[in-house]
Amino acid sequence: MAFRRVVVTGLGAITPVGSTVPTYWDGLRQGLSGAAPITRFDASKFKTRFACEVKDYSPDNYFDRKEGRKMDLFTQFAVIASDEAIKDAGLLEGVNKDRVGVIWGSGIGGLKTFQEESFNFAKGDGTPRYNPFFIPKMIADSSSGNISIKNGFRGPNFVTTSACASSSDAIVAAYNYIRLGMADVVVTGGSEAAVTEAGVGGFNALKAMSERNDDALTASRPYDKDRDGFVLGEGAGALVIEAYEHAQARGAKIYAEIIGGGLSSDAYHITAPDPTGEGVVLVMQNALQDAGIKPEEVDYINTHGTSTPLGDGAEIKAIQKVFGEHAYNLNISSTKSMTGHLLGGAGGIEAVASILAIQHGIIPPTINHVTDDPELDARLNFTFNEAQVREVNVAMSNTFGFGGHNTSVVFRKFKA
Amino acid sequence: MSEIAEKVKAIIIDKLGVEASEVTPEASFTNDLGADSLDTVELIMEFEKEFNVSIPDDQAENIGTVGQAISYLEEHAK
């Protein structure tokens, strides 16, 4: 059985460096840092007091009050980004909505909602007064559920959860459903909104986050010698992907083609990356094999690169192992240096960045680079500090999650 | 209008996102004010909290309009 070709026909984003796709791309090109002191709660007693929040966000700008109140922030972001992608793809008219699915990613779900309801119960006298919207707001699949309800999409609908690989897994699942013929179009991507007391406190306890409070703007510094952890981000990235013949028949514009997806597991530790990078080698090999391309055909890797001391090095070693000498020809960059780490939303916004790199022939930079890490091969091109012009035919987007989940997605410039 | 009626109206406007002019005594939560079953549960909970009463489920089922809520609470509020 021949698989169907799958193309990207719509993009959406709400991120710490821009709240629409054009402003997000401008932010990435210019090397904007999204980090700033936390505004969502009083963080004065926390080890980390900054994050990459979506700037000037008010649900009232997007939802009527009753509608917004019934969605956790991660679902609001999901609906906003997917609305942009759906509009961009011209998906609301002239398509059979029974054949349109929604496969979304979220690593955590409604953390704020869970936290608030638990606080309220703990403050009371033991009488349960849980809000009837508590569960439907909190569960991770309220994101894909709300997107389908709003738009009437009756195809496959679910959420993937694999921590920071969640939305890449959603994209790969969506790609599979379409190429197998189980849907014609899928709205995919992912979102996260974990800048809460529980989120920041929890990640601080894991010693996973940067504590560079005196210089928040430059705290996310993947591949720098002095990197000290990731910077928490929030937001959503959305793609509309569809069968090529379906896109062609309705005259949709095509951004790029998805040509492969790879998955693997470290099988090593629940939070620490395997320092040998074996699982990461495997995931990129799997993705290349699925795409049916040689390593030499890849131009750009949008890395997982979270700015943690261990993870960054393991990924780079793995890239060198998979790509050999060609590693020196690659552009490598971590856009998390600008957006922070969107956890389950990372694969969504980084897929958008990878596709726009193909479209514009520009590699977004790894900003905040000050000091070379002697452990990393200085001959590699990390796209430090400034965007680089380069024609990109093939881009790979890597994301890895707690639990040892690894996912790579491969996009290629579209040729009929 | 009684103080209780004012508070009931304010809760309904807040939770259901409707205009004050729509919140007439005859208005049904579900038929006129756009509430679904979960909204109705939430309204009852808000009334319980605001007026410090406990409304048993079998009585909550009989509170379907603005007027019914006001009468119930005027009778039972502490």
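## A residue at the chain meeting point

Let's start with Asp14(B), which is partly exposed, with a relative accessible area of 34%. Keep in mind as you look around that this is a predicted model. Asp14(B) sits in helix α1 of chain B, a helix that covers residues 3-16.

Which residue of chain A does Asp14(B) meet in a salt bridge? The partner is Arg65(A), with 3.1 Å from N to O. Arg65(A) belongs to helix α2 (residues 65-69) of chain A, so this pair joins two chains.

Is Lys15(B) buried or exposed? Its relative accessibility is 13%, and because buried means under 20%, Lys15(B) counts as buried.

## Salt bridges across the structure

Here is the general idea: side chains of opposite charge can pair when their charged atoms come close. How many salt bridges does the structure hold over all chains? The total is 28.

One of them links Glu245(A) with Arg4(A), whose closest N and O atoms are 3.4 Å apart. Glu245(A) is found in helix α9 (residues 244-249) of chain A, while Arg4(A) is in the segment before β1 (6-14), so the pair ties together parts that are 241 residues apart in sequence. Glu245(A) counts as partly exposed, at 39% relative accessibility.

A network of salt bridges links Arg4(A) and Glu245(A) with Arg99(A) and Asp184(A).

## The annotated cysteine

Where is Cys164(A) placed in chain A? Look in the loop between β5 (157-160) and α7 (166-179).

Cys164(A) has a relative accessibility of 8%, so it counts as buried. Which residues is Cys164(A) in contact with, leaving aside its neighbours within four places in sequence? They include two histidines, His304(A) and His341(A). Leu343(A), Gly344(A) and Ala346(A) are also in contact with Cys164(A).

Technical notes. Residues are numbered from 1 along each chain as its sequence is written. Chains are lettered from A and ligands numbered from 1 in the order in which they are written. This is a predicted model: local features need pLDDT of at least 70, side-chain atom pairs count only at pLDDT 80 or more; totals for chains, interfaces and linings use all residues. Side-chain values use heavy atoms; hydrogens and water are left out. Helices (H or I, at least four residues) and strands (E, at least two) are DSSP runs, numbered from the N terminus. Buried means under 20% relative accessible area, exposed over 50%, partly exposed in between (1.4 Å probe, protein chains only). Contact means heavy atoms within 4.5 Å. A salt bridge is a side-chain nitrogen of Lys or Arg within 4 Å of a carboxyl oxygen of Asp or Glu.
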